[in-house]
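Hi,

Here is the structure I promised to pass on. Have a look at it first, and then read my notes on the aromatic side chains below.

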Amino acid sequence: MQKLVKTMFPVYSELILKVALRGEALLTSPRWNKGTAFTREERNAFGLTGRLPSRVNTIEEQCERAYDQLRSRESPIQKNLFLQSLREQNWVLYYSLLTRHLKELTSIIYTPTEAEAITNYSHLFRRSEGLFLSFLDQDSMERDFLEQTRGKDIELIVCTDAEAILGIGDQGVGGIGISSAKSALYTLLAGINPAKALSVTLDVGTDNETLLNDNLYVGWPSKRIRGVEYDKFIDKFVQLIRKHQPHCLLHFEDFGVTNAQRLLELYRNEHSVFNDDIQGTGAVTLAALMAAIRVTKSKLADQRYVIFGAGSAGLGIAKQIRDAIILTDGMSRGEANKKFYLVDRFGLIKQSLGPNKIRLALEEFVRPDEEWSHVPTNDMGEIELLEVVRKVRPTVLVGCSTKGGAFTEVVVRTMKEGCERPIIFPLSNPSNLVEVDPKDANDWTDGMALLATGSPFPPAKMPNGKDYVIAECNNALIYPGLGFGSMLSQSRRMTDGMIIAGAQRLAALSPALKDPDSGLLPDFQDAPAANLEVAIAVAEQAFDEGIQGVSWIKKQVRTKAEEKQWKPVYGRYEYDEQGAK
């Protein structure tokens with residue numbers, strides 16, 4: 001088992017920074033503002049003496065004050081708005097506060113609270129953030145893009161068209177909130193410099209009638225553009241990035257099921273692109289699975305997989321595991337595909353469902369009808385989950401269906417009859433939509449199940465009275481590291497091999513490898529250290545594949561990664577008219 005090394009940030013950086021801003025301009029720049037932490041020397045040099053109260057505070061004192069202010073807000077959405085305001089004022093203080101209260105505040109700046117903020121975006125709107133590219137203004141797209149990026153070394157662009165936000169669906173222009181939140185997690189958990197990140201919403205309209213009928217909606221009040229017009233708009237955006245920021249990572253977030261996989265496949269060989277809903281979910285699930293099979297002392301190719309829920313996440317998980325089987329166990333693509341049984345709202349994905357019920361992306365996993373000719377069906381001729389479990393006798397059962405309680409006691413006990421250590425991953429979010437409460441799955445398998453969930457759950461009691469830690473399959477344990485590894489190596493693509501290397505490194509950090517009653521994945525508090533290890537593995541794999549774009553050598557990866565990480569500490573400023581702004 002590989003060990004996590006936690007890095008404590010220094011209180012104050014000795015780095016001297018040349019800054020060209022003064023007075024009010026400096027205090028209103030979130031990148032450079034220190035508030036009451038400006039030293040007396042800096043206050044004199046930058047014209048701040050009369051603009052600030054006399055006492056100089058440390059970052060610890062500022063964090064204490066900010067945390068007290070945060071705690072005075074009663075509801076999660078009020079806390080979310082407070083933190084958003086803090087981010088707009090002072091990046092170092094914002095990320096320092098989050099770092100000190102990582103597990104508590106991540107749920108405030110991201111799921112589930114950010115979903116509420118996005119839903120009410122137009123009514124909570126105070127000031128713009130990120131880049132808004134509207135179909136209505138597509139003729140000025142390049143000019144608008146360059147206004148925000150000219151002269152900047154952008155390493156990360158997180159974009160969304162907001163069709164499938166956090167399980168709450170089409171949110172139109174409010175999708176900027178998810179791009180911004182994902183970008184913040186890249187900084188918080190992988191050390192990406194926020195000055196080198198850009199959050200983008202691609203406003204192609206909305207089919208959300210509530211938004212269309214809201215006179216305060218701030219986006220383009222039109223039905224969603226689809227088809228050729230949509231594809232041309234997206235392509236124009238991607239080509240702008242390839243032209244002006246060729247080395248940045250392009251992160252696709254919360255695109256709808258008809259576009260997510262299609263756009264990923266279209267552009268992944270042209271540029272370094274990544275889709276967290278497909279690849280991030282697949283990668284963190286793969287890491288948990290790799291840890292589980294180390295516990296059972298088996299191989300990926302030895303398993304039989306039932307995936308319940310065949311949307312972007314379910315398909316992404318199937319493909320990620322399939323690709324890992326090919327690369328790690330040497331199985332052919334065709335044989336690896338046969339290991340999977342996908343079940344969606346029409347039951348098992350099999351040939352007789354026809355093209356109207358099987359979208360193109362699922363074709364590789366369609367089961368032949370002759371396999372199932374003697375299996376009972378429901379009134380609509382569909383083969384339901386329980387019958388699939390009875391016939392397949394799966395060793396791995398993954399849920400990403402948002403069908404709460406779908407893994408019934410009968411389903412789980414039937415699975416247990418077919419294998420000694422069932423691997424059960426009910427991944428749907430939020431917790432009320434989970435396919436099975438892990439406590440029940442643990443009880444129904446007599447403590448033999450290896451479990452991971454998509455939401456945090458308390459430990460389950462083992463038959464011997466010990467606690468079994470339920471791993472949280474949180475994408476944030478891996479996607480910031482996957483992205484950072486690509487940025488670090490300036491890889492021309494984000495390859496399957498790089499993603500699998502990251503998953504393998506995360507699996508190697510599993511506490512369960514040391515104690516079988518511990519979780520299959522590291523605790524979220526260890527996410528920054530875990531993502532650093534993931535990034536190193538990803539960058540090293542880029543070197544192995546010969547697709548790195550840097551001049552240094554592979555053995556320098558760890559040192560370069562540690563040097564490159566942005567940390568929320570204050571540097572020492574010197575005024576220079578030619579300095580940074």
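This is a predicted model: local features need pLDDT of at least 70, side-chain atom pairs count only at pLDDT 80 or more; totals for chains, interfaces and linings use all residues.

Lys-34 lies over the face of Tyr-573, 4.1 Å from the ring centre. Over the ring of Tyr-575 sits the charged end of Arg-22, at 5.3 Å from the centre.

Across the whole structure, the search turns up 16 aromatic pairs. One of them is Tyr-121 with Phe-125: the ring centres are 5.7 Å apart and the planes are at 75 degrees, so this pair is edge-to-face, given that planes over 60 degrees apart get that label. As for burial, Tyr-121 has a relative accessibility of 9% and therefore counts as buried, while Phe-125, at 36%, counts as partly exposed.

Then there is Phe-308 with Phe-407. Their centres are 6.1 Å apart and their planes make an angle of 55 degrees, so the pair is tilted. What I'd point you to here is the sequence separation: the two residues are 99 residues apart, and the pair links distant parts of the chain. Phe-308 belongs to strand β7 (residues 305–308), whereas Phe-407 is in the loop between β10 (396–399) and α18 (409–418). Both Phe-308 and Phe-407 are buried.

Cheers

Methods
Residues are numbered from 1 along each chain as its sequence is written. Side-chain values use heavy atoms; hydrogens and water are left out. Rings of Phe, Tyr and Trp (its six-membered ring) pair if their centres lie within 6.5 Å; planes under 30 degrees apart count as stacked, over 60 as edge-to-face and the rest as tilted. Buried means under 20% relative accessible area, exposed over 50%, partly exposed in between (1.4 Å probe, protein chains only). Helices (H or I, at least four residues) and strands (E, at least two) are DSSP runs, numbered from the N terminus. A charge sits over a ring if NZ of Lys or CZ of Arg is within 6 Å of the ring centre and within 35 degrees of the ring normal.
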